[in-house]
Amino acid sequence: MTEYLQALSNGRYKSVWHRAVVNSGKERISVASFLCPANDAVISPATENGCPAVYKNFTYQEYYSKFWSRNLDQEHCLELFKK
């Protein structure tokens, strides 16, 4: 659920959908980690070198609500925050 980092980087960081591949010949270890700012934290894209913002500003609460209100097989909810 860290695709909002893509908004912070103004689209330079590309978040990927989680994919797992089973490998019967080798053990796999997964580590879950979460980065959740305060609900009222404003997520806004970094603008540098005069590049226009790709995403509008939004709070983490807005992102979180949209993330959980969509079907998980749809596109990233970040698309809803594009300008």
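Reader: Why is glutamate 79 counted as partly exposed?

Author: This is a predicted model, and the values are computed from it. Glutamate 79 has 35% relative accessibility. Buried requires under 20% and exposed over 50%, so 35% falls in between and glutamate 79 is partly exposed.

Reader: What makes lysine 82 partly exposed?

Author: The relative accessibility of lysine 82 is 37%. That value also sits between the 20% and 50% limits, so lysine 82 gets the label partly exposed.

Reader: Why is the pairing of glutamate 79 with lysine 82 called a salt bridge?

Author: The closest N and O atoms of glutamate 79 and lysine 82 are 3.6 Å apart. The cut-off is within 4 Å, so the pair qualifies. A search of the whole structure finds one salt bridge.

Reader: Why does asparagine 10 count as buried?

Author: Asparagine 10 has 10% relative accessibility. Buried means under 20%, so asparagine 10 is buried. Its place is in the loop between helix 1 (4-8) and strand 1 (42-43).

Reader: What makes the approach of asparagine 10 to proline 52 a polar contact?

Author: A polar atom of the asparagine 10 side chain lies 3.2 Å from the backbone oxygen of proline 52.

Reader: Which residues make up the largest nonpolar core?

Author: The core has 10 residues, among them Ala7, Ile43, Tyr55 and Phe81. Helix 2 (residues 60-69) gives the most to this core, with three residues.

Methods
Residues numbered from 1 in each chain as written. Predicted model: local features only at pLDDT ≥ 70, side-chain atom pairs only at ≥ 80, totals over all residues. Heavy atoms only, no water. Core = buried A, V, L, I, M, F, W, Y, C linked by side-chain atoms within 4.5 Å. Buried < 20%, exposed > 50% of the residue type's maximum accessible area, 1.4 Å probe, protein only. Helix = DSSP H or I, 4+ residues; strand = E, 2+ residues; numbered from the N terminus. Salt bridge = Lys/Arg side-chain N within 4 Å of Asp/Glu carboxyl O. Polar contact = N/O pair within 3.5 Å; in protein donor to acceptor, adjacent residues only side chain to side chain.
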